[in-house]
Amino acid sequence: ERSEALGALDKVVQGQQPVLFQTDSEEEYLRAMKLAADFKLVPWFRGSGQEYRLVDVMKGRTQPLILPLNFPDAPDVSSPELALNVTLGQLRHWYLAPTNPAQLANAGISFAITSDGLSSITQFLPNLRIAVARGLAADKALAALTTVPASMLGIDRTHGTIAVGKVANLVVADGDLFSTDASVLDVWVQGTR
């Protein structure tokens, strides 16, 4: 009996197509790494924002990593009763999540950045600016938006940098894009404003 679902995994099993694992915790990341190794899969990982807990494990790995910028809101500790409901783990994640991209970049781990997981796309640029303010180098932030994803997707000959003959996808700002006082003036997609 032929199964269309299993048939679709043929290229995956043969190592001709990567598998994207969406991980929601560091345990899921470790489990996905083990699963990929056991079945000799080509893994890509969509991170959880908690990779700062695994920097030592991730060092030296070259599998594509896609990081979300969905940082947690500050816990409500406005009253003693509410403060008692906040765990140390929640406080620690609230404090460290914006440093996740910086910690990975400082460890030499390459990643792309995604807007996936945000409740509103308008949070993306402010959260990216927070990540830069919390230690992510501007050149690493720019690479995570341009050259790294282009390389991951195998389209770096036509995308990712500004050069003659490449697709013109541009964001024009009136200053440093990663500073809070810069405004986006224009967005160009494939050469069209």
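Reader: Where is Thr-23 found?

Author: This is a predicted model. In it, Thr-23 sits in the loop between strand 1 (19–22) and helix 3 (26–38).

Reader: Why is Thr-23 called buried?

Author: Its relative accessible area is 1%. Buried means under 20%. The value of 1% is under that cut-off, so Thr-23 is buried.

Reader: Which residues is Thr-23 in contact with, leaving aside neighbours within four places in sequence?

Author: Thr-23 is in contact with Glu-28, Tyr-29, Ala-32, Phe-45, Arg-46, Gly-47, Ser-48 and Glu-51. Contact here means heavy atoms within 4.5 Å.

Reader: How many cavities of 30 Å³ or more does a search of the whole structure find?

Author: The search finds one. About 60 Å³ of space lies in the largest cavity.

Reader: What makes a space a cavity?

Author: A 1.4 Å probe fits there but cannot get out.

Reader: Which residues line the largest cavity?

Author: The lining is Tyr-29, Phe-45, Met-58, Arg-61, Gln-63, Pro-64, Leu-65, Ile-109 and Ser-110. By class, six are nonpolar, two polar and one charged. Arg counts as charged, so Arg-61 is the charged one. Tyr-29 and Phe-45 are also among the contacts of Thr-23.

Reader: What is the share of buried residues in the protein chain?

Author: Buried residues make up 34% of the 193 residues. The chain exposes about 12,000 Å², with carbon and sulfur atoms supplying 56% of that area.

Reader: How many helices and strands does the chain have?

Author: There are ten helices and six strands.

Definitions and conventions
Residues are numbered from 1 along each chain as its sequence is written. This is a predicted model: local features need pLDDT of at least 70, side-chain atom pairs count only at pLDDT 80 or more; totals for chains, interfaces and linings use all residues. Side-chain values use heavy atoms; hydrogens and water are left out. On a 1 Å grid over the protein atoms alone, a cavity is a set of points where a 1.4 Å probe fits but cannot get out, and a pocket is an open set with protein on both sides within 12 Å along at least five of seven lines; lining residues have an atom within 4 Å of a point. Grid points are joined across faces, edges and corners, and a volume is the space filled by probe spheres set on the points. Helices (H or I, at least four residues) and strands (E, at least two) are DSSP runs, numbered from the N terminus. Buried means under 20% relative accessible area, exposed over 50%, partly exposed in between (1.4 Å probe, protein chains only). Accessible areas come from the Shrake-Rupley method with a 1.4 Å probe; for residues, only the protein chains shown count as cover.
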